[in-house]
Amino acid sequence: MECIFCKIVKGEIPSKKVLENEKFLAFHDINPIAPVHVLIIPKEHYEKFNDTPNEIFCEMADFIKNVAKELNITDYRLITNNGSNAGQEVFHLHVHMVSNPNGKLKWPKLV
Ligand code: 5GP
Ligand code: ZN
């Protein structure tokens, strides 16, 4: 069975796209935790950060910077939950980009 983000890549599940190239896709999170909450994924399926080739993650860094440009934001936080105890619910590597264009983001205690 294909994962939910693979279905988004194929267009089988709709998403609000921010930016796309042949290898990566950025789209708005369906349940945002900040005024800006975008998910950035490789189109190829890797379960989590730990399984992702370094070259892919490095290439994604450049794409992430272009997403920030597209959104016209300079200040943002990147989060990748690696594994269920870290909060990962969708097992297709993704980076959360969160931002509050009108002020600071909180830095909450996590335990
Ligand atoms: P995780 O907890 O795995 O780090 O993050 C998964 C994220 O995917 C969550 O923030 C959740 O709101 C988002 N999400 C889950 N299903 C969908 C969906 O079908 N569409 C979109 N746009 N986001 C989703
Ligand atoms: Zn997938």
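Which side chains are joined by a polar contact of 2.8 Å? They are those of His96 and His37, where a polar contact is a pair of N or O atoms within 3.5 Å; within protein, one must be able to donate a hydrogen and the other to accept it, and residues adjacent in sequence count only if both atoms are side-chain atoms.

1. Basis of the note. This is a predicted model, in which local features need pLDDT of at least 70 and side-chain atom pairs count only at pLDDT 80 or more, while totals for chains, interfaces and linings use all residues. Residues are numbered from 1 along each chain as its sequence is written, chains are lettered from A and ligands numbered from 1 in the order in which they are written, and side-chain values use heavy atoms, with hydrogens and water left out.

2. Setting of His96. His96 belongs to strand β5 (residues 95–99); helices (H or I, at least four residues) and strands (E, at least two) are DSSP runs, numbered from the N terminus. With a relative accessible area of 13%, His96 is buried (buried means under 20% relative accessible area, exposed over 50%, partly exposed in between, with a 1.4 Å probe and protein chains only). Apart from neighbours within four places in sequence, the residues in contact with His96 include Asp29, His37, Arg77 and Asn81, contact meaning heavy atoms within 4.5 Å.

3. Ligand 1. Of the 16 residues around ligand 1, Asp29, Gly87, Glu89, His94 and His96 come nearest; a residue is near a molecule or strand if one of its heavy atoms lies within 4 Å of it. An oxygen atom of ligand 1 lies 2.8 Å from a polar backbone atom of Gly87, and an oxygen atom of the ligand is 2.9 Å from a polar backbone atom of Val90. For the side chain of Asn81, the distance from one of its N or O atoms to an oxygen atom of ligand 1 is 2.9 Å. The protein buries 84% of the 520 Å² that ligand 1 exposes when taken alone (Shrake-Rupley method, 1.4 Å probe; for residues, only the protein chains shown count as cover).

4. Salt bridges. Side chains of opposite charge can pair when their charged atoms come close. The whole structure holds four salt bridges, each a side-chain nitrogen of Lys or Arg within 4 Å of a carboxyl oxygen of Asp or Glu. In one of them, Glu20 meets Lys43 with the closest N and O atoms 2.8 Å apart. This pair links distant parts of the chain, 23 residues apart: Glu20 is in strand β1 (residues 17–20) and Lys43 in the loop between β3 (36–42) and α2 (54–71).

5. A further bridge. Glu59 and Lys23 form a salt bridge at 3.0 Å between the closest N and O atoms. Here, too, distant parts of the chain are linked, with Glu59 in helix α2 and Lys23 in the loop between β1 and β2 (24–28), 36 residues apart. Glu59 is partly exposed at 36% relative accessibility, and Lys23 is partly exposed at 37%. Lys17, Glu20 and Lys43 are joined into one network by salt bridges that share partners.

6. Aromatic pairs. The count comes to three aromatic pairs (rings of Phe, Tyr and Trp, its six-membered ring, with centres within 6.5 Å; planes under 30 degrees apart count as stacked, over 60 as edge-to-face and the rest as tilted). Phe5 and Phe27 form an edge-to-face pair, 5.5 Å centre to centre with 80 degrees between the planes. Phe5 lies in helix α1 (residues 4–10) and Phe27 in strand β2, so the pair ties together parts that are 22 residues apart in sequence. Both Phe5 and Phe27 are buried.
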